[in-house]
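Subject: Structure handover

Hello,

The structure we discussed is below.

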Amino acid sequence: MKVVVASDSFKGSLTSMQVGQAVRRELDRLDDDSTCAILPMADGGEGTVEAVSQAEGAALVRCQVAGPLGDPVEAAVALMNRSDEEHAGQGQASRGWTFGALDGEDGTGQAVGVRGGEGCTRGRGEELSSGRPSAHGKCPALNSKAAVIEMASASGLTLVPPAERNPLRTSTFGTGQLIRRALDAGARTLLIAVGGSATNDGGMGCLQALGVRFRDAEGHELAGTGSDLGRVCAVDLSGIDDRLAECEVRVLSDVDNPLLGPHGAAATFAPQKGANAQQVRQLEDGMREYARVMAHALGTDFSGLPGTGAAGGLGFALQAVLHGRFVLGAQEIIRLVGLDQALVGADLCFTGEGHADEQTSHGKVVSCVAQHCRERGVPCIALVGGCSANVAALEAAGVTAVVPCLHEPIGLDEAIRDASANVAWSARQALRLFMAGRECPHPTGLRERRVSRCDG
């Protein structure tokens, strides 16, 4: 029997790979002749770089960049070689993308200047280690043409202590630094995952790191935080990194909100990042002024495009200035890791997430994986830590069955602690039922026989 596991992470407890490993252990115990392909998944938020790197062992560049509040944080960029443009996105990731080794004269990384710290190392999935700058002061050239960048690793909400969360103070500057690291590495296709942000700066900080300058009415350069949005009077694009003109940029997200209005960046997402009602109004007013100034500088108003409100307006900056193309994050990861190819000849697929809710059927990993399974006639079982979703909507999306991983009432801390065992237990029950069903007559045949006996 061939089984595919393409699950999202269980936030706070299990990575996508760990979910797959739990399923594989149970499958091995039940069927020695089985095969199990684990394809780590993500939807454009936290875990995107990890999913891509674990799927095919991507080369990682680990850097120290500015966090949301300016303190140095460790982040990583996943680097890939585009070996065959014609096959990109078809079959296994390695047919269109290969994950290359890192080249360099001295085997060290680049010193990266950030607010409060510097340093960069690189390696194939290795831990961060100290490195010295190369002779050229740049990251040594990498045998790579594409990069996956996760803004949450540089500008994410989890990097800010709950008591300090305030989108008026945070910036996407570190995300811009990650983009520059990818450019230094030779990447010219940038896949930027924008979920999980702590910011509402309209992407100002990111653009500043790439050479754009924002000034107030007195000509002073602004810091590029959310509180600066309404103070922007002039935008200088002349210093933007020339290499961006050579790039294809894809913005990976699971939301399509516009920049402004009741469904915009401030109104929808700022409260989740620590903003109170007054601060939300300040951010909305500032964002509207910022969008007006940007429209004047660019000659076009991009604020109404789908996805411009993602990541507190980072989606706006990436689309308006970097000419990024908005794509559904889960579908892009599915393409990168080669899910369609893995499903060829598969008997069963497991997907899942920590908590299935009303959003699960709208562009999240579970619904996207289920859609691909349905198109290929592969049953799809969703393992979930909790479920408040409309199960009928998930079934309509292609999920064959939703299987909760908790089989008795327990507290959240205990559920997180025992997550691997709980996933394994539920996977085992689902596998046993599936195997038993394969040995029985088709349910349709059983129903037809019952009906015929009643009619007789």
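Helix 10 and helix 12 are oblique to each other, because angles under 35 degrees count as roughly parallel, over 145 as roughly antiparallel, 65 to 115 as roughly perpendicular and the rest as oblique. This is a predicted model, in which local features need pLDDT of at least 70 and side-chain atom pairs count only at pLDDT 80 or more, while totals for chains, interfaces and linings use all residues. Residues are numbered from 1 along each chain as its sequence is written, and side-chain values use heavy atoms, with hydrogens and water left out.

The axes of helix 10 (residues 329–337) and helix 12 (residues 365–375) come within 9 Å and cross at roughly 50°. Axes here are lines fitted to C-alpha atoms, for helices over the stretch in contact, with angles from 0 to 180 degrees between N-to-C directions. Helix 10 contributes Ala330, Gln331 and Ile334 to the contact, and helix 12 contributes Val365, Cys368, Val369, Gln371 and His372; contact means heavy atoms within 4.5 Å.

Overall, the protein has 16 helices and 16 strands. These are DSSP runs numbered from the N terminus, helices being H or I of at least four residues and strands E of at least two. Of the 456 residues, 55% are buried. Buried means under 20% relative accessible area, exposed over 50% and partly exposed in between, with a 1.4 Å probe and protein chains only. Among contacts with a separation of 6 or more, 73% are between residues 24 or more positions apart.

Helix 15 (residues 419–439) has 21 residues and spans 31 Å from first C-alpha to last, close to the expected 30 Å; the expected span is 1.5 Å times one less than the number of residues. Its buried residues include Ala419, Val423, Ala427, Leu431 and Phe434. Among the elements that cover the buried residues of helix 15 are helix 1 (16–30), strand 15 (380–387) and helix 14 (412–417).

Ala311 lies in the loop between helix 8 (277–298) and helix 9 (314–320) and is buried, at a relative accessible area of 8%. His323 lies in the loop between helix 9 and strand 13 (325–328) and is exposed, at 65%.

Regards
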